[in-house]
Amino acid sequence: MTDSNVKKVYAREEYCAGCRLCEVYCVTAHSRYKDDVVKAYKLDEKRPLPGIVFEERKPLSFALQCRHCDASPCTKACITGAMRKDSETGVVTNDRSRCVGCWSCIMVCPFGAIGRDERNGKTASKCDLCISTGDIPACVKGCPNGALIYD
Amino acid sequence: MRGMDMHYVIIGNSAAAIGAVEGIRKLDREGRITLISDEAYHTYSRPLISYYLAGKIEESQLIYREPDFYVKNSVDTILGTKVVQIDCGNQEVVLENQDRLRYDRLLIAAGGKPFIPQIEGLDKKGIYSFLKLDDVKQIGNICTEGVKAVVIGAGLIGLKAAEALGELKVEVTVVELADRVLSTILDQTAAEMVQKHLELHGINFILNNTVKSFNGEENVCSVTLNDETIVECDFAVTAIGVIPNTGIVGGTPIQTNRGIAVDRFMRTNIQDVYAAGDICEGFDSLHNMNRVIPILPGAYMQGETAGQNMAGGSVEYAGGFAMNSIGFFGLPMITAGIGTPDCEGYEIMVSSVPENGIYKKVVLKDDKICGFIYLGNIDRVGILTNLIKERVDVSTFRDGILTDSFGLASFPGEYRKNKMLGEKAVRW
């Protein structure tokens, strides 16, 4: 079984300058002001956490997102059924209206790619590949160095 | 045989049973599935009952799968009906109304039941378990501010019950036989931190002691402990433990030890009969033996494995090990594997900031992680769970494990790149 069916975001760590703009674009794309960084940060107090884990160990740095893996242990450990892998697209998403923040997904994610969002009623936060926009992921689009590719 | 002629019968309606439906439907869209449960509810999440009791979620949010789950997966349900007998010879299950149902493949996923030792006065009213939705519905009816409750057992279920009751302003006293709370998953230090946190939120504890009798006329009004202490209460919750619900295979040739014995394909010793979840002894990859590990992720994955094999697949259960993610009054904790080794040969690394409620402990053997206890800061601990699972030698990066910045960047380059590129499929 491979993960080849789902397009996902890959980091080219040798091109990552560590600017963390990927996080800014991710937050903006998932805020109330999807195309406006300034408004998203100044006006949307409930803007979500970035669905990205930024890692740095200088000179190494990279952005890491959910791998949407086939095994998706998060969906199997989920106690509510909120974390689901779409059988058609392969994208793993968390239905926040059903998530209670038990963190069972964090317990099993091999990548540590799921965050705790305590601002919006204690729910798990992760990359959804910007699936609802129909566009390529905002982090990929916004990366100034081409350090993120969507393939 | 496949397709329309095949009849799958599943006993149970929780994580293992639902995993089996999803496993079967990966390979067989047409075979008939009949799912039987003694509870009259749409599949719901047992771990959520304490959230429901505390009023954090509505009853409609308890569902473990969407309301159209059975329809979408072409599952016929028989809910609110007990299975009274399994007739392996005739390949039939017998329901309490004496209906007989023939199966081609049978999955027994009937879960666990509360373990309640013989205690004097158990027949009094006002003594509840804390496993099923009906349990908390009954408890919810009597919870008003200032009511007193005794919870017997400071395990995962007992403390979740205590937390929910505390949130409802019930005066809660937890009585525990062991010398600490959550004794199966926490060491002394972590247990004391958790206990202190719960005490700050009004929960009272009596350790090294247990209830020897329930007192009262018709209703329980107090309990007497081993040392003759009397604790007043308006009701009591027994949360001493959960044991496999193996009564259901009584009188059958299905091999049962503590739980139903299964192989790596989740087959019992009887042809075409499978078992999964809290009722069976699944493979523990850490101890390299079969044993009952009653946790939801394991139940789901065993059920999914069983389902695929029932539908003609050949999938081995990779095995699991004990792991728990739980929290009380905003203090999260995640533990996995062997967190408190009871013999020589283990190395222990600890980092702790008690005043912030943070405690991290990693247990190693032969440079491999075999367990951890993380309290307070649990971010990204799944990385450790996976290092246990894949038996990775951590000697080149072990010093960074307890630091806040620990992550994939701490891994050797090759291993990290393999992981991030996803070529190395991670299977559970």
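Tutor: Strand β5 (residues 92-95) of chain B pairs with β6(B) in the antiparallel sense, over three bridges. Helices (H or I, at least four residues) and strands (E, at least two) are DSSP runs, numbered from the N terminus, and two strands pair if DSSP finds at least two bridges between them. Within this pairing, Val94(B) stands opposite Arg100(B) of β6(B). In general, strands of a sheet pair through backbone hydrogen bonds, either parallel or antiparallel.

The two strands belong to an open sheet of three strands in chain B, in the order β4-β5-β6, with antiparallel pairing. Its edge strands are β4 (83-87) and β6 (100-102) of chain B, each of which pairs on one side only. From one strand to the next, the twist averages 20°; axes are lines fitted to C-alpha atoms, for helices over the stretch in contact, and angles run from 0 to 180 degrees between N-to-C directions.

This is a predicted model, in which local features need pLDDT of at least 70, side-chain atom pairs count only at pLDDT 80 or more, and totals for chains, interfaces and linings use all residues. Residues are numbered from 1 along each chain as its sequence is written, while chains are lettered from A and ligands numbered from 1 in the order in which they are written.

Chain B also has an open sheet of five strands with parallel pairing, in the order β3-β2-β1-β7-β19. There the edge strands are β3 (75-79) and β19 (273-275) of chain B, each pairing on one side only. Four bridges join β1 (residues 7-11) of chain B to β7 (residues 105-108) of chain B, and these two strands run parallel. One of the residues involved is Ile11(B), whose bridge partner in β7(B) is Ile108(B).

Another local point is Tyr52(B), in helix α2 (residues 49-53) of chain B. Tyr52(B) is buried because 20 other C-beta atoms lie within 10 Å; a residue is buried if 20 or more other C-beta atoms lie within 10 Å of its own, exposed if 12 or fewer, and partly exposed in between, with C-beta atoms placed from the backbone. Leaving out residues up to four places away in sequence, Tyr52(B) touches Ile57(B), Glu59(B), Leu62(B) and Val136(B). Two residues are in contact if their C-beta atoms, placed from the backbone, lie within 7 Å. Tyr52(B) and Val136(B) are 84 residues apart in sequence, and their C-alpha atoms are 8.0 Å apart in space.

As for the whole chain, there are nine helices and 26 strands in chain B. Of its 428 residues, 46% count as buried. The C-alpha trace of chain B spans about 70 × 60 × 40 Å along its principal axes.

The mean pLDDT of chain B is 95, and 98% of its residues reach 70 or more; pLDDT is the predictor's confidence in each residue, from 0 to 100. Over residues 423-428 of chain B the pLDDT is below 50, and this stretch has 20 contacts in the model beyond near neighbours in sequence. Where pLDDT is low, the predicted coordinates should not be read in detail.

The contact between the chains takes 34 residues from chain A and 35 residues from chain B. For the complex, the predictor gives an ipTM of 0.95 and a pTM of 0.95.
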